[in-house]
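Here is a friendly note to read with the model open beside you. Take the points one at a time, and find each residue on screen as you go.

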Amino acid sequence: VKNKSIAMTPDGKPLTTLLEKAQQNGLATGFVVSTIVNCATPASTYAHVSNRNQFDSITLQLSQSSVDFFSGGGAGYSNKANRKDGLYPIDTLKNRGFDIVYTIEDMEKSEAKKIGALLTEWYPAKYPERGDILGKGVEKAIKHLAKMDNGFVLMIEGSQIDYGGHDTSMTKLVNEVVEFDKVIGMVLDFAINDGETLVIVTA
């Protein structure tokens with residue numbers, strides 16, 4: 001793909017994403033990130049755009065996607081007052097059966113079949129100031145998706161490790177890695193107990 005494009009060939013044809021492939025095979029899907037839900041990495045699991053900065057289009061594609069669970073920041077991108085197209089993707093998600101929640105507490109309580117957690121208005125703060133949105137999101141995602149009949153694929157991103165590198169901030173980088181390490185530990189505990197789960201950690 002061209003630099004900055006999301007799941008599209010250089011001549012503009014869509015490429016099948018990880019979560020789309022999982023859905024084609026009958027698996028439940030989700031993602032949890034510590035950035036906005038329409039940032040490049042989460043977008044690459046459900047969207048097809050020529051430029052990663054097409055946030056309105058990416059958000060709209062999320063509202064039309066087949067994911068079963070998502071958690072991260074960026075509620076402001078779904079507010080029509082902030083959008084050039086005047087659309088309101090939150091309504092689309094709700095009409096498609098999503099329980100859209102805005103706090104960790106409401107996310108943890110939700111028993112809906114599809115859950116979308118938008119835990120900050122825009123970009124989440126750095127760790128630990130933002131709280132445990134990544135860990136709590138992963139914990140809920142695993143509980144939610146593990147109830148599905150045919151297994152699941154979950155994409156988790158310690159998103160702001162990257163930001164710490166861009167900012168050349170060792171403190172930020174280390175804090176973000178420590179948080180991600182805790183999350184990996186939680187995932188590995190689940191995988192060991194489950195006995196049928198593959199965990200891939202990459203950078």
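1. Ground rules. This is a predicted model, so local features need pLDDT of at least 70 and side-chain atom pairs count only at pLDDT 80 or more, while totals for chains, interfaces and linings use all residues. Residues are numbered from 1 along each chain as its sequence is written, and side-chain values use heavy atoms, with hydrogens and water left out.

2. Helix α6. Helices (H or I, at least four residues) and strands (E, at least two) are DSSP runs, numbered from the N terminus. α6 covers residues 133-145. Ten of the 13 residues are buried, where buried means under 20% relative accessible area, exposed over 50%, and partly exposed in between (1.4 Å probe, protein chains only). Among the buried ones are Ile 133, Lys 140 and His 144. They pack against β1, β2, α5, β4, β5 and α8.

3. Ala 146 sits in the loop between α6 and β5. Ala 146 counts as partly exposed because its relative accessibility is 41%. Leaving out residues up to four places away in sequence, Ala 146 touches Ala 141, Phe 152 and Phe 190 (contact means heavy atoms within 4.5 Å). The C-alpha atoms of Ala 146 and Asp 194 are separated by 9.6 Å, although the two residues are 48 apart along the chain.

4. Helix α8. With 25 residues, α8 should span 36 Å, and the distance between its end C-alpha atoms agrees at 36 Å. Its buried residues include Lys 172, Glu 176, Phe 180, Val 183 and Phe 190. Their cover includes α6, β5 and α7. Just after α8, Gly 195 takes a positive phi of about 80 degrees.

5. Two cores. A nonpolar core is a set of buried Ala, Val, Leu, Ile, Met, Phe, Trp, Tyr and Cys residues joined through side-chain atoms within 4.5 Å. The largest has 24 residues, and Ile 6, Phe 31, Tyr 46, Leu 62, Phe 70, Ile 100 and Leu 118 have the most contacts inside it. Elements that give two or more residues to this core include α1, β1, α3 and β5. A second, separate core has 21 residues, including Ile 133, Leu 154, Val 183 and Phe 190.

6. Around Tyr 46 and α3. Setting aside neighbours within four places in sequence, the contacts of Tyr 46 include Phe 31, Ile 58 and Leu 62. Ile 58 and Leu 62 are among the buried residues of α3. The buried residues of α3 pack against β1, α2, β2 and α4.

7. On a 1 Å grid over the protein atoms alone, a cavity is a set of points where a 1.4 Å probe fits but cannot get out; a pocket is an open set with protein on both sides within 12 Å along at least five of seven lines, and lining residues have an atom within 4 Å of a point. Grid points are joined across faces, edges and corners, and a volume is the space filled by probe spheres set on the points. The largest pocket holds about 1100 Å³. Of its 32 lining residues, Leu 18, Leu 154, Met 155, Ile 156 and Ile 200 lie nearest the centre. The largest cavity has a volume of about 40 Å³, and its lining includes Leu 62, Phe 70 and Leu 118.

8. Backbone details. Most residues other than glycine have a negative phi, and most peptide bonds are trans. The bond from Tyr 127 to Pro 128 is cis, with omega near 10 degrees; Pro 128 lies in the loop between β4 and α6. Lys 4, in the segment before α1, has a positive phi near 80 degrees. Thr 168 has a positive phi near 45 degrees and is exposed, with a relative accessible area of 71%.

Notes: The expected span of a helix is 1.5 Å times one less than its number of residues.
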